[in-house]
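Subject: Structure for your review

Dear colleague,

Please find below the sequence and structure that I am handing over to you. My findings follow it, grouped by topic.

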Amino acid sequence: MDVGLKFPKGKTKKKRISHPASILGSRKGRCYLCGRYTQTEEHHIFGGPNRTLSEQYGLKVDLCLECHQFGAHAVHKDQAVMDELHLQGQEAFESQIGSREQFRKIFGRNWL
């Protein structure tokens, strides 16, 4: 592919992103909301355009399928549950990482 080029490109490896653990104390296999030991999915507390920031700062929790997507009070269906996680995520950020002003600058909103 690079044969015959005057300045061939060297092979580059894809940079691997380190995924920090949840700063909220969530563990894989145990639902953060209901406490059941079962199959869990990772939920980024601040989704959409802030999903990568949630990953970067460890603002994520493990949720069972019922609490994440399919139950009546699943985080993706119940705005009150979603808002409670936003509140807990901001509190965890402020107690372990930075100030309220820093949080607002990074995520664009104050949930407290």
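Two rings of Phe, Tyr or Trp (its six-membered ring) are taken as a pair if their centres lie within 6.5 Å; planes under 30 degrees apart count as stacked, over 60 as edge-to-face and the rest as tilted. By this criterion, a search of the whole structure finds eight aromatic pairs. One of them joins phenylalanine 46 and phenylalanine 107, a tilted pair with 4.8 Å centre to centre and 40 degrees between the planes. This pair links distant parts of the chain, 61 residues apart: phenylalanine 46 is in the loop between strand E1 (40–44) and helix H1 (51–57), and phenylalanine 107 is in helix H4 (residues 100–107). Helices (H or I, at least four residues) and strands (E, at least two) are DSSP runs, numbered from the N terminus. Phenylalanine 46 and phenylalanine 107 are both buried, where buried means under 20% relative accessible area, exposed over 50%, and partly exposed in between (1.4 Å probe, protein chains only).

Phenylalanine 93 and phenylalanine 103 form an edge-to-face pair, at 5.3 Å centre to centre and with 65 degrees between the planes. Phenylalanine 93 lies in helix H3 (residues 79–96) and phenylalanine 103 in helix H4, so this pair ties together parts that are 10 residues apart in sequence. Phenylalanine 93 is buried, because its relative accessible area is 1%, and phenylalanine 103 is likewise buried, at 0%. One aromatic cluster is made up of Phe46, Tyr57, Phe93, Phe103, Phe107 and Trp111. Arginine 109 lies over the face of tryptophan 111, at 3.8 Å from the ring centre; a charge sits over a ring if NZ of Lys or CZ of Arg is within 6 Å of the ring centre and within 35 degrees of the ring normal.

Residues are numbered from 1 along each chain as its sequence is written, and side-chain values use heavy atoms, with hydrogens and water left out. The chain averages a pLDDT (the predictor's confidence in each residue, from 0 to 100) of 89, and 96% of the residues score at least 70. Among the elements of the chain, E2 has the highest mean pLDDT (95) and H1 the lowest (91). Where pLDDT is low, the predicted coordinates should not be read in detail.

Next, the core. A nonpolar core is a set of buried Ala, Val, Leu, Ile, Met, Phe, Trp, Tyr and Cys residues joined through side-chain atoms within 4.5 Å. The largest one has 19 residues, and Leu24, Leu59 and Phe107 are those with the most contacts inside it. Strand E2 (60–64), H3 and H4 each supply at least two residues of this core, and the largest share, five residues, comes from H3.

Which residues does leucine 59 contact, leaving aside its neighbours within four places in sequence? They are Ile23, Leu24, His43, His44, Ile45, Phe46, Ser54, Gly89, Phe93 and Phe107, where contact means heavy atoms within 4.5 Å. Serine 54 lies in helix H1 and is buried, with a relative accessible area of 0%. With neighbours within four places in sequence left aside, serine 54 is in contact with His44, Ile45, Phe46, Leu59 and Phe107.

How many disulfides does a search of the whole structure find? The number is zero, a disulfide being a pair of cysteine sulfur atoms within 2.5 Å. The closest cysteine sulfur to that of cysteine 64 is in cysteine 67, and its distance of 3.6 Å is too far for a bond. Cysteine 64 is buried, at 1% relative accessibility, and cysteine 67 also counts as buried, at 13%.

Arginine 104 lies in helix H4 and is partly exposed, at 37% relative accessibility. Not counting residues up to four places away in sequence, arginine 104 touches Arg109 and Asn110. Glutamate 94, in helix H3, is partly exposed at 22%. Isoleucine 17 is found in the segment before E1 and is exposed, because its relative accessible area is 65%.

With kind regards

Methods. Predicted model: local features only at pLDDT ≥ 70, side-chain atom pairs only at ≥ 80, totals over all residues.
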